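Thanks for coming, everyone. Please take a look at the chain on the screen, and then we'll walk through it.

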Amino acid sequence: MTDAAQSSSTAAPLPSPGCPPPHPSPRRPNWVLPANACDTHSHVFGPAAIFPYAADRTFTPVDVPRDEVLARQRFLGFQRSVIIQSSCYGLDHTVLLDALRSDPEHLRGAAIVTGATTTAELDELDRAGVRGARLHFMPHLGEALTPIEQRAVIDAVHARNWHVEIHVQGDGIVEHESRLAALEGRVVIDHLARVDLRQGLDSPAVRSVRRLLDLGHVWLKLSAVDRVSLTGPPYPDAVELARLFAQHAPERVLWGTDFPHPNIEGDAPDDGLLVDLVPQIAPTPAARQLLLVDNPAEVFDFACTVRETGRSGH
Ligand SMILES: [Zn+2]
């Protein structure tokens, strides 16, 4: 058998339920994004034949390789993006490093690390553009770290001026608020903190997020309206929540697609529609400049031309 025949016969593992393929034909956004707009949340999956998933993963995604992710982001109008390592790769950073090294100027990453990750590994990640470490408290993504392990990760991360990325759900943000508030370094909360909109727009979780945003070291991704919405597309309830946070703390919010949308219910959302919701979340050009360009440039350490030329009024 030739090498080509062999590799084509290596079928990708069957995707888990909840991992549909990306939207096949997203609409082209109906507005023009600012220069250097950044999608701060996307994932690279496979191809499994080259970058196999961890044996002990809790889900198997559909293969969506680097070039497909970057092509989707360019189609949507993003020049910069942040690749978030998925738990289905365990502690294997190979696919993340491969993606980041393909375009160091425009790509940054967040990695999964533990107390056992070596200094050499952290340095390699840092050189490749990693600027954040994920800490998750989501049971469906596997075991969370012990408090001592978390402390080790947080210390290593902040020593490099990275941020800690937190994924919580429901009342999780209330539960973790005091610990996050006490951290000295930067914190990024994923996906609108996945608050439960059945509790309305002034729930304990929403108030907790607002208090954290007031502190100055906590940022929030206004991503995954599709996950948070109770109504479905075009997600007016979650858009209202995102707008509330953007108004509350315009300098502390980020935006991302979550492409290619692993672990969801139903079909993958239309990424063009998600981008078209941004002007509802951030209604003015100034707010969108912060959300899509200036805030991500600060948190993910992109060369910020805006800052170099000086931004009057700030
Ligand atoms: Zn994600």
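What should the 13 residues of helix α9 span, at 1.5 Å a residue? The answer is 18 Å. In this model, which is a predicted one, the end C-alpha atoms of α9 are 18 Å apart, so the two agree. The helix runs over residues 236-248.

Now, which residues of α9 are buried? They are Ala-238, Val-239, Leu-241, Ala-242, Phe-245 and Ala-246. Those residues cover an arc of only 160° around the axis, which puts them on the same side of α9. Here is some background on that. An α-helix has 3.6 residues a turn, so residues three or four places apart point the same way.

What covers the buried residues of α9? The cover includes two helices we will come back to, α7 (204-213) and α12 (285-300). It also includes β7 (218-221), α8 (225-228), β8 (253-254) and α11 (278-281).

Take α7 next. Its buried residues are Ala-205, Val-206, Ser-208, Val-209, Leu-212 and Leu-213. Looking down the axis of α7, these fall within an arc of 160°, so they line one face of the helix. They pack against α6 (172-182), β6, β7 and α9.

The largest nonpolar core has 83 residues. Which of them touch the most other members? Val-209, Leu-222, Ala-242 and Phe-245 do. The largest share of this core, 7 residues, comes from α12. Val-209 is on the buried list for α7, and Ala-242 and Phe-245 are on the list for α9. Leaving out residues up to four places away in sequence, Val-209 touches Ile-173, Ile-189, Ala-193, Leu-220 and Phe-245.

Is Leu-290 buried or exposed? It counts as buried, because it has 26 C-beta neighbours inside 10 Å, and 20 or more is the cut-off. Setting aside neighbours within four places in sequence, Leu-290 is in contact with Pro-250, Glu-251 and Asn-295.

Let's step back to the whole chain. The secondary structure comes to 13 helices and 8 strands. A compact globule of 314 residues would have a radius of gyration near 20 Å; this chain has 19 Å, which agrees. The C-alpha trace spans about 65 × 45 × 45 Å along its principal axes. Of the 314 residues, 43% count as buried.

Now some backbone details. Most residues other than glycine have a negative phi, and most peptide bonds are trans. This model has some exceptions to show you.

First, peptide bonds. The bond from Gly-46 to Pro-47 is cis, with omega near 10°. Pro-47 sits in the loop between β1 (38-42) and α2 (66-76). The bond from Phe-259 to Pro-260 is also cis, with omega near 0°. Pro-260 is in the loop between β8 and α10 (271-276).

Next, phi. Leu-192 has a positive phi of about 55°, and it is not a glycine. Where is Leu-192? It is in the loop between β6 (186-189) and α7. Leu-192 counts as buried, because it has 26 C-beta neighbours inside 10 Å. Asp-258 has a positive phi too, near 65°. It is found in the loop between β8 and α10. Asp-258 is buried, with 26 other C-beta atoms within 10 Å.

Last, confidence. The chain averages a pLDDT of 90, and 90% of the residues score at least 70. Where does the pLDDT stay under 50? One such stretch is residues 1-9, for which the model has 2 contacts beyond four places in sequence. Over residues 304-314 the pLDDT is below 50 as well. That stretch has 6 contacts in the model beyond near neighbours in sequence.

Thanks, everyone.

Key
Residues numbered from 1 in each chain as written. Predicted model: local features only at pLDDT ≥ 70, side-chain atom pairs only at ≥ 80, totals over all residues. Helix = DSSP H or I, 4+ residues; strand = E, 2+ residues; numbered from the N terminus. Expected span 1.5 Å × (residues − 1). Buried ≥ 20, exposed ≤ 12 C-beta atoms within 10 Å, placed from the backbone. Arc of directions from axis to C-beta. Contact = placed C-beta atoms within 7 Å. Rg over C-alpha atoms; globule rule 2.2 N^0.38 Å. Core = buried A, V, L, I, M, F, W, Y, C linked by C-beta atoms within 7 Å. pLDDT = per-residue confidence, 0-100.
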